[in-house]
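Reader: I'd like to go through the charged pairs in this one, then a bit of the surface. Can you put it up?

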Amino acid sequence: MKSYSANIKKHDLPNSMQKKQIEKILNQAKKLAIEYRELTGKPLGITREIGEFTAAKLLNLELTKARQAGYDAIDDKREKIQTRSLNNIKGYRLGKLSSNQEWDSVMFVRLNREYDPISIHKAYRKEVIGELNRSGSKTRNERGLLGVRKFISISKEIWKLDSNEKN
């Protein structure tokens, strides 16, 4: 099995002190995003960063540098991370999943309306590409978009918020 973490330069990764500072900034950003949504009815656009950082923290992943083509984090695999902040998954889609990019699996981080994690699901490339190539949907086949419900049905839940756990 190929190790991808060796390809990341250590100066590209935040150290533990920086991770604590990033977490503090993201917690402040969550509060601002909630206030912004309450005032405008629109999201602030920080869901992706919160989801990636949350997955890395909860699953001990190494985040890649910004704008890394194809994947967002590494453990023993190249992980593409998709995030949505929703209470109801009906009618929502994940972002574009391209078979032309390098990634081994997709993680879906589901956040609640306060941007706290609810669950993380993971599906491997074979299952995701198989579903994207299944006939019957222009959205899936041509645009590379997969519904959240469909993704959950082909994935495995790898983390779930314990009702007693606090973030």
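Author: A salt bridge here is a side-chain nitrogen of Lys or Arg within 4 Å of a carboxyl oxygen of Asp or Glu. Keep in mind that this is a predicted model.

Reader: Fine. Which residues are linked in a network of salt bridges?

Author: Arg48, Glu52 and Asp72 are.

Reader: Where do Asp72 and Arg48 sit in the chain?

Author: Asp72 is in the loop between β1 (62-63) and β2 (73-74), while Arg48 is in helix α2 (residues 47-59). The two are 24 residues apart, and their pairing links distant parts of the chain.

Reader: Asp72, buried or exposed?

Author: Buried, because its relative accessibility is 7% and the cut-off for buried is under 20%.

Reader: How many salt bridges does the rule give?

Author: Eight. One of them joins Asp116 to Lys30, with the closest N and O atoms 3.0 Å apart.

Reader: Staying with Lys30, which residues is it in contact with, leaving aside neighbours within four places in sequence?

Author: Ile46, Ile50, Glu114, Tyr115 and Asp116. With Tyr115, the Lys30 side chain reaches the backbone oxygen at 3.4 Å.

Reader: Next pair. What about Asp104?

Author: Asp104 forms a salt bridge with Arg78, and the closest N and O atoms are 2.9 Å apart. Arg78 is in strand β3 (78-85) and Asp104 in the loop between β3 and β4, so this pair ties together parts 26 residues apart in sequence.

Reader: Are Asp104 and Arg78 buried or exposed?

Author: Asp104 and Arg78 are both buried.

Reader: Enough charges. Which residues form the nonpolar patch on the surface?

Author: Leu32, Tyr36 and Leu44, which together have about 270 Å² of accessible area.

Reader: Where does Leu32 lie, and why does it count as exposed?

Author: Leu32 lies in helix α1. Leu32 counts as exposed because its relative accessible area is 55%, and the cut-off for exposed is over 50%. Lys30, also in helix α1, is buried at 12%.

Conventions:
Residues numbered from 1 in each chain as written. Predicted model: local features only at pLDDT ≥ 70, side-chain atom pairs only at ≥ 80, totals over all residues. Heavy atoms only, no water. Helix = DSSP H or I, 4+ residues; strand = E, 2+ residues; numbered from the N terminus. Buried < 20%, exposed > 50% of the residue type's maximum accessible area, 1.4 Å probe, protein only. Patch = residues over 30% accessible without salt bridge, like charges linked within 9 Å, V, L, I, M, F, W, Y side chains within 5 Å. Areas by Shrake-Rupley, 256 points an atom, 1.4 Å probe, with all protein chains shown as cover. Polar contact = N/O pair within 3.5 Å; in protein donor to acceptor, adjacent residues only side chain to side chain. Contact = heavy atoms within 4.5 Å.
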